[in-house]
Amino acid sequence: VLQDIDMDIQGGEFVCLLGQSGCGKSTFLRLLAGLEVPTSGKILMDEKPVLGPGLDRGVVFQDYGLFPWMTAGENVFLALRQRYPKRDKGELKRIVLKMLDLIGLEESVYKALPKELSGGMKQRVGIARAYVNKPKLLLLDEPFGQLDAQTRTLMEAEIERIWQEEKRTILFVTSNVDEAVYLADRIIVLDGKLPSHLSKIYKIDLPRPRDMTSREFLELRQKITDEMSLVL
C-alpha cells in the first residue's frame with residue numbers, strides 16, 4: 001500500500017496527510033497508531049520503535065468508535081482509567097468533566113448515550129477520549145468526513161482551538177484541500193497510485209486564525225489542487 005515513505009513530525013506540529021480516497025492514508029495512520037505492522041522499514045517515536053498501540057498516542061476514528069452501551073462520559077472515563085488504574089473514581093470523573101468542557105460540551109452530556117447525541121457531539125466525545133490521556137501524538141482519521149458542512153466548519157475551528165491551547169502534536173488525515181490548508185503547519189500529499197509515496201510537502205505560513213476567503217488562502221488552495229491533479 002505504501003512505499004518509500006520517509007518523513008518526520010516535530011513536537012507541537014500540526015501536520016495534515018492529504019490524498020484521495022484509497023491511497024493509503026488510513027493505513028499510514030494505523031501504522032503510526034500501532035494497529036498495523038509494517039512489512040518493512042520502521043516507525044520511531046522519541047527514537048523508540050513503535051511496536052503496538054500505546055497511551056502516548058491517541059486516535060480519533062472516522063466512525064466515532066464510541067461504545068453504544070456506555071454514556072459519553074463513560075466512554076471517556078474508560079480511556080482515562082487505562083492510564084490511571086488505581087486513581088479514585090471521583091477524581092477521574094472530574095478530569096473527564098473538565099475535558100468535556102474543553103471541547104465545548106455541557107456537563108449533562110456525561111450521562112447521554114451516543115444514540116442521543118448529534119454527529120458533531122459524538123465526534124467531540126471521540127476527541128475528548130483521545131485527548132484525555134494527554135498523548136504526545138494525536139492521530140485523527142478524517143474525523144469530520146461524516147458531518148454536514150456547517151458542523152464540519154465548526155469542528156475544524158474547534159480542533160484548532162484545542163490544539164492552540166494544548167499544543168499537542170497532531171497528524172490529521174483528510175481528503176479535503178480546504179481543511180488541510182485551514183489547519184496545517186505542513187501538508188504532506190500522498191499520490192493516488194498504489195503503492196503510494198510522498199509526492200509533495202507544503203509548508204503553510206498563513207497567519208492564524210485563517211480566513212478561507214482571503215486571496216492568499218484561495219491562491220494556495222488552488223495551487224495545491226492543481227498540483228494534486230497532476231500527481232494523483
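Visitor: Which residues of the largest nonpolar core touch the most other members?
Guide: A nonpolar core is a set of buried Ala, Val, Leu, Ile, Met, Phe, Trp, Tyr and Cys residues joined through side-chain atoms within 4.5 Å. Buried means under 20% relative accessible area, exposed means over 50%, and partly exposed lies in between (1.4 Å probe, protein chains only). The largest such core has 53 residues, and those touching the most other members are Ile127, Ile187 and Ile224.

Visitor: What pLDDT do side-chain atom pairs need in order to count?
Guide: Residues are numbered from 1 along each chain as its sequence is written, and side-chain values use heavy atoms, without hydrogens or water. This is a predicted model: totals for chains, interfaces and linings use all residues, local features need pLDDT of at least 70, and side-chain atom pairs count only at pLDDT 80 or more.

Visitor: Which elements cover the buried residues of helix H1?
Guide: Helices (H or I, at least four residues) and strands (E, at least two) are DSSP runs, numbered from the N terminus. H1 spans residues 25-33 and buries Lys25, Phe28, Leu29, Leu31, Leu32 and Ala33. Their cover includes strands E1 (14-18), E4, E5, E6 (169-174) and E7.

Visitor: How far apart in space are glycine 54 and glycine 34?
Guide: Glycine 34 follows H1 and has a positive phi, near 80°. Glycine 54 sits in the loop between strand E3 (48-49) and E4. The two are 20 residues apart in sequence; C-alpha to C-alpha, the distance is 7.5 Å.

Visitor: Why does aspartate 185 count as buried, and which side chain does its own join in a polar contact?
Guide: Aspartate 185 is in the loop between helix H6 (177-183) and strand E7 (186-190). Aspartate 185 counts as buried because its relative accessibility is 19%. A polar contact is a pair of N or O atoms within 3.5 Å; within protein, one must be able to donate a hydrogen and the other to accept it, and residues adjacent in sequence count only if both atoms are side-chain atoms. At 3.1 Å, the partner of aspartate 185 is arginine 208.

Visitor: What is the phi of tyrosine 64, which is not a glycine?
Guide: Most residues other than glycine have a negative phi. Tyrosine 64 lies in the loop between strand E4 (57-60) and H2, and is buried because its relative accessible area is 13%. Its phi is positive, about 70°.

Visitor: How many residues separate lysine 136 and aspartate 46?
Guide: A salt bridge is a side-chain nitrogen of Lys or Arg within 4 Å of a carboxyl oxygen of Asp or Glu. Lysine 136 and aspartate 46 form one at 2.8 Å, N to O. The pair links distant parts of the chain: lysine 136 is in the loop between H4 and E5, and aspartate 46 in the loop between strand E2 (44-45) and E3, at a separation of 90 residues.

Visitor: Which helices hold aspartate 178 and arginine 221?
Guide: Their side chains meet in a salt bridge of 2.3 Å, N to O. The pair links distant parts of the chain, 43 residues apart: aspartate 178 is in helix H6, arginine 221 in helix H7.

Visitor: How many salt bridges does the structure hold?
Guide: One of them joins glutamate 91 and arginine 87, at 3.3 Å, N to O. The total is 19.

Conventions
Contact means heavy atoms within 4.5 Å.
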